[in-house]
Structures are given as C-alpha cells and as structure tokens.
Amino acid sequence: MKKIKTGFLLLLLILLILPLATFRWEEDASSEIDNRVLTHNPFTAEPAELVQAGGIKAMGEQYLSDRLGWREQMIKTYTEINDRLFGELVHPIYAYGKSGYIYRKPEAQVTYGAFHAAFVDFVAGIAAECEARGIPFTFVLNPNKESVYPEYLPEGYCYDRAWAERLCEELRARGVSVVDNIVTLQAARADGEDVFNVKYDAGHWNHLGAYYGVNAILTAMQQQGADVRLNEKTDFVIREEQQTKLPTSEFPIDETVTVYELPEETDWLEKEIGEKVQFDQRYHTFYYRYNQELAGGRETVNGEPPAGVPRTLCFQGSYMNVYGHTFMENALPVYIGVHAYKNSLDYDYYLDTFAPDYVIFEVAEYAVAERYFPLLTP
C-alpha cells in the first residue's frame, strides 16, 4: 500500500513539474491551436499591451496560462474527449452550431462605440491621403459566417451586426468608397451557392465566397476607373478536397470542400522585395504577385514589374491571406498584399514604398477590434 501511495505521489509530482519544466520562454512564441501569438511577459511588455490586457495581474495570469508546457496537447485531448462523450466542441476558437455547423467561438455582442468611431477616422484618413496622391481607394468589410448563416448559430446566441452597418454608413458619409460583402455573399447564397463551408475553416469564407467577394471588389475598382477584369469560374482549375481536421486544430472532421486553383502560377516576387520592406514582427504575411499575361507579356526588370504596369496595394486580413489572394492574382497585373493588422497604421510608409495605382483596405467583421488596430491605446 505504501508503494502505491509513493508511486501515486511521484506521478502527481511529475505531472505538476513537467508543464513548468517545459514552459515556453521564447518571446514571440505562437500557438497553432489558438492561431495567435502567445501573451508576452508582462514585465517586459509595452505599455499599450498592458492596457489592452487589463493590467499587469491579468496579463501575468494569461502569460502563465498560455505558456505552460503541453498546453496544446492537453487542450486537444480534452476537446476530443468532450466531442466523443458529450457531442460538445470545447475549443479556444471554435464552437458547434446547429445541424453540424461549426463557427468561431461566440464572443460578447459588439455595439458601435469609441473604437469604431476612431476606426472610421483612421480609414477615412487613409482615403484622404490616397485622394491627395491621386490614388483611388476602397474599403471592404467581409462578413463573419454568422452574418451569412445566422440560423445555424449555437442555441441561445444571436449575432447583431448593426455596428457593422453603421460603420459602413459613417464611412460612406465621409465620402469613402465602401464594399460591404454581406450583400454579395447573401445574394450568392440566395442563388444556391455555398459561400462558407459547414465545418472546415469556420472563421473564413471558402474559395467560392472569395470568388464572389473579390469580384465585388473588382467591380468597385472598375467604377472608379480602374482597367481591371472580373474573374470567371472558367479561369480556374476547380477540384474537390477531403478535409479531416479543422485548421489550427487536431479536431477531427470529415468534409469535402471545393478548391479553386490557378492553372498557372503568377510570378512570386515577395521573397526578394519583402527583404527590403518593414513589417510588424507578428503580422508579416506579404504577397507581391506579377501576372505577366495581364501586363502584355512584359518580363520583370531586376526582379520587379516593369514601369507603367498598374499596381494594386491591398491592406488585408486572413480572408484575403488564405483564399482571396488567388482571385486578386488572376485579375490584376500587379497585386501587393500587406497584412493589415498593425502594419496599416504606417500606411504612409507603404504608399511611399510601393507607389500603388489603387489601394484597398480589407477587413473581416471579427477583426475590427483594438487588438488588431490599436487606435485608442498609446
């Protein structure tokens, strides 16, 4: 009996010590399962980070919780057990809805407030700077899945996007060209198109949603005088792909999704050009694609598109980073995609660096938040 107790205590001690022994100390460690950078050390954090986290105590607690060793393995195991035993999806970023639908985990209802007013000022400021430089500008708001498929939301949860509608209205009142793709995707869905998957990649539109959404952006560009073409489905290789787990998660699913691919890749110039450009260390996704066919067959010069070829700069979030870029590459001679989070605050720098002929600012509803665009914190 004594040996059993000793063995049990030893096992318990090991289970307590191992997470601390494998603590993640690296400064910019990221979590695949949360799809984010882990909380920084509160004692070395910037003042703005402390304010956003709710103070040093709250940030310290989150820091410890985030960085314990085996954290992701424990979350994955716990999630699978709950799904198999109780049919519940317990996950940091996903939640079950009705009829098997999966959504981003519901957050507190959003109401239009001081941050949104500051965001309107910010976007209107970019538009004004572009106008002063003679560059057409369009703001694009892409809807959450719950905006397009509200009837499958988890029981008891109702998503109100009145704040988003007001944000678009305020921007239009300031003379900004706005594309609210809720209209686009609702119309496509009404025509029988599935613009979001039931399960896979619950936080983004799918390839078909991106096809319609990007065409709405291109239409807005045409209305402002840009010589661009709309995508046609026949431009792409369309195939089906079986997905067995959710992105940034080991959570098992079984869903067939439709994939759109370019028949021939465009010229990828971002590696060489990106080495000369500054980005936020956390948000450094960058595209610089050259469609030689749309540029009249002209070849690059010293690794860059030749002079005179129209350039489109898109400050963008994950909707475009994951799927939307394919349709931008197909339709534009030069497509430059810069991750909007944090980087767009230095928009003057990117306007100077790339000298674009057209500028787009794209963001998803869930990303219109202080944590991605720190406009209120010093």
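Predicted model: local features only at pLDDT ≥ 70, side-chain atom pairs only at ≥ 80, totals over all residues.
Buried residues account for 50% of the 378 residues. Of the contacts between residues at least 6 apart in sequence, 69% join residues at least 24 apart.

Helix H5 was examined next. This helix spans residues 114-132 and packs with helix H12, residues 347-354. The angle between the two is about 30°, and their axes are 11 Å apart. An angle under 35 degrees counts as roughly parallel. H5 and H12 are therefore roughly parallel to each other. H5 passes H12 in a right-handed crossing. On the H5 side, the contact is made by Phe 122, Gly 125, Ile 126, Glu 129 and Cys 130. On the H12 side, Tyr 347, Asp 348 and Leu 351 take part. By class, the residues of this contact of H5 with H12 are 5 nonpolar, 1 polar and 2 charged.

H5 also meets helix H7, which covers residues 162-173. The axes of H5 and H7 come within 10 Å and cross at roughly 35°. This crossing of H5 and H7 is right-handed. From H5, the contact uses His 116, Phe 119, Val 120, Val 123 and Ala 124. From H7, the partners are Trp 163, Leu 167, Glu 170 and Leu 171. The contact of H5 with H7 has 7 nonpolar residues, 1 polar residue and 1 charged residue.

Another helix pair is formed by H8 and H9. Helix H8 runs over residues 181-190, and helix H9 over residues 207-223. Their axes lie 9 Å apart, and the packing angle is about 135°. How are H8 and H9 set to each other, roughly parallel or oblique? Angles over 145 degrees would count as roughly antiparallel, and those from 65 to 115 as roughly perpendicular. H8 and H9 are therefore oblique to each other. The crossing of H8 and H9 is right-handed. H8 contributes Asn 181, Thr 184, Leu 185 and Ala 188 to the contact. H9 contributes Gly 209, Tyr 212, Gly 213, Ala 216 and Ile 217. By class, the contact of H8 with H9 has 5 nonpolar and 4 polar residues, with no charged residues.

Individual residues were then considered. Glu 240 sits in strand E7, residues 237-245. Residues over 50% relative accessible area count as exposed. Glu 240 has 61% relative accessibility, so Glu 240 counts as exposed. Thr 256 is 16 residues away from Glu 240 along the chain, yet their C-alpha atoms are separated by 6.4 Å. With neighbours within four places in sequence left aside, Glu 240 is in contact with Thr 256 and Val 257.

Ala 340 lies in the loop between strand E12, residues 334-339, and H12. The cut-off for a buried residue is under 20% relative accessible area. Ala 340 has a relative accessible area of 1%, so Ala 340 is buried. The C-alpha atoms of Ala 340 and Phe 315 are 4.6 Å apart, although 25 residues separate the two along the chain. Leaving aside neighbours within four places in sequence, the contacts of Ala 340 are Phe 315, Gln 316, Phe 361, Glu 362 and Phe 373.

Backbone angles were also inspected. Most residues other than glycine have a negative phi. Lys 342, in the loop between E12 and H12, has a positive phi of about 65° although it is not a glycine. Asn 302 is not a glycine either, and has a positive phi of about 55°. Asn 302 is placed in the loop between strand E10, residues 286-290, and strand E11, residues 311-316. The relative accessible area of Asn 302 is 76%, so Asn 302 is exposed.

The cysteines complete the description. A disulfide is a covalent bond between the sulfur atoms of two cysteines. How many disulfides does the chain hold? With a cut-off of 2.5 Å between cysteine sulfur atoms, the count is 0 disulfides. Cys 168 has 1% relative accessibility and therefore counts as buried. Cys 314, at 0% relative accessibility, therefore counts as buried too.

Key: Residues numbered from 1 in each chain as written. Heavy atoms only, no water. Axes fitted to C-alpha atoms, helices over the stretch in contact; angles between N-to-C directions. Helix = DSSP H or I, 4+ residues; strand = E, 2+ residues; numbered from the N terminus. Left-handed = near helix turned anticlockwise from the far one by under 90°. Contact = heavy atoms within 4.5 Å. Nonpolar A, V, L, I, M, F, W, Y, C, P; charged D, E, K, R; others polar. Buried < 20%, exposed > 50% of the residue type's maximum accessible area, 1.4 Å probe, protein only.
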